[in-house]
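Subject: Structure for you, with notes

Hello,

Here is the structure I promised to hand over. Please open it beside this email while you read.

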Amino acid sequence: MASELCKTISVARLEKHKNLFLNYRNLHHFPLELLKDEGLQYLERLYMKRNSLTTLPENLAQKLPNLVELRTTVSFVAYCCSTQCLQTFDLLR
């Protein structure tokens with residue numbers, strides 16, 4: 001993972017951000033750093049538009065319990081999140 005991305009996630013964790021913008025980062029895999037520890041438990045909105053993701057982690061809802069909005073570009077998704085977890089799940093093409 002690029003150091004700039006790690007720094008962005010670390011700052012969000014330390015400052016207990018509710019919104020995190022990871023748009024246009026040329027990501028091919030979901031950054032597992034987002035799911036480590038309990039530091040991002042306050043995260044409510046995750047923006048990951050215009051990356052190259054093809055799947056999302058199965059434990060996303062468990063690791064980010066307050067996530068209500070995820071905006072991402074996914075070619076095809078092998079993932080389903082319960083409606084109690086995400087109120088908005090945008091798949092942009």
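Below is what was found in it, from the overall fold down to single residues.

**Overall**

This is a predicted model. The protein chain has 2 helices and 4 strands. Their order along the sequence is α-β-β-α-β-β. The chain has 93 residues, and 37% of them count as buried. Take the contacts with a separation of 6 or more: 46% of these join residues 24 or more positions apart. The exposed surface comes to about 5,800 Å². Carbon and sulfur atoms supply 48% of that surface.

**Helix H1**

H1 covers residues 3-14, which is 12 residues. From first C-alpha to last it reaches 16 Å, close to the 16 Å expected at 1.5 Å a residue. Which of its residues are buried? Leu-5, Ile-9, Ala-12 and Arg-13 are. Viewed down the helix axis, the buried residues fall within an arc of 100°, so they line one face of H1. The buried residues of H1 pack against strand S1, residues 19-21. On the other side of the helix, Ser-3, Glu-4, Lys-7 and Leu-14 are exposed.

**The core**

The largest nonpolar core has 19 residues. Phe-30, Leu-34, Leu-46 and Met-48 touch the most other members. H1 and S2 are the elements that give two or more residues to this core. As background, nonpolar side chains in soluble globular proteins tend to be buried together.

Leu-34 deserves a look on screen. Leaving aside neighbours within four places in sequence, Leu-34 is in contact with Ile-9, Arg-13, Leu-20, Leu-22, Leu-40, Leu-46 and Leu-64. Two of these contacts, Ile-9 and Arg-13, are among the buried residues of H1.

**The aromatic pair**

The structure holds 1 aromatic pair. The partners are Phe-21 and Tyr-47, with ring centres 4.6 Å apart and planes at 5°, so the pair is stacked. Phe-21 lies in strand S1 and Tyr-47 in strand S2 (residues 45-53), so the pair ties together parts that are 26 residues apart in sequence. Are the two partners buried or exposed? Phe-21 is partly exposed, at a relative accessible area of 48%. Tyr-47 is buried, at 14%.

**His-28**

Where is His-28? It sits in the loop between S1 and S2. His-28 counts as partly exposed, with 46% relative accessibility. Beyond its neighbours within four places in sequence, His-28 is in contact with Ser-52, Leu-53 and Thr-54.

**Backbone points to check**

Lys-16 is not a glycine, yet it has a positive phi of about 55°. Lys-16 is partly exposed, with a relative accessible area of 47%.

Arg-50 also has a positive phi, of about 60°, and is not a glycine. Arg-50 belongs to strand S2. Its relative accessibility is 42%, which counts as partly exposed.

Best wishes

Notes: Residues numbered from 1 in each chain as written. Predicted model: local features only at pLDDT ≥ 70, side-chain atom pairs only at ≥ 80, totals over all residues. Heavy atoms only, no water. Buried < 20%, exposed > 50% of the residue type's maximum accessible area, 1.4 Å probe, protein only. Contact = heavy atoms within 4.5 Å. Areas by Shrake-Rupley, 256 points an atom, 1.4 Å probe, with all protein chains shown as cover. Expected span 1.5 Å × (residues − 1). Arc of directions from axis to C-beta. Phe/Tyr/Trp six-rings, centres within 6.5 Å; stacked < 30°, edge-to-face > 60°. Core = buried A, V, L, I, M, F, W, Y, C linked by side-chain atoms within 4.5 Å.
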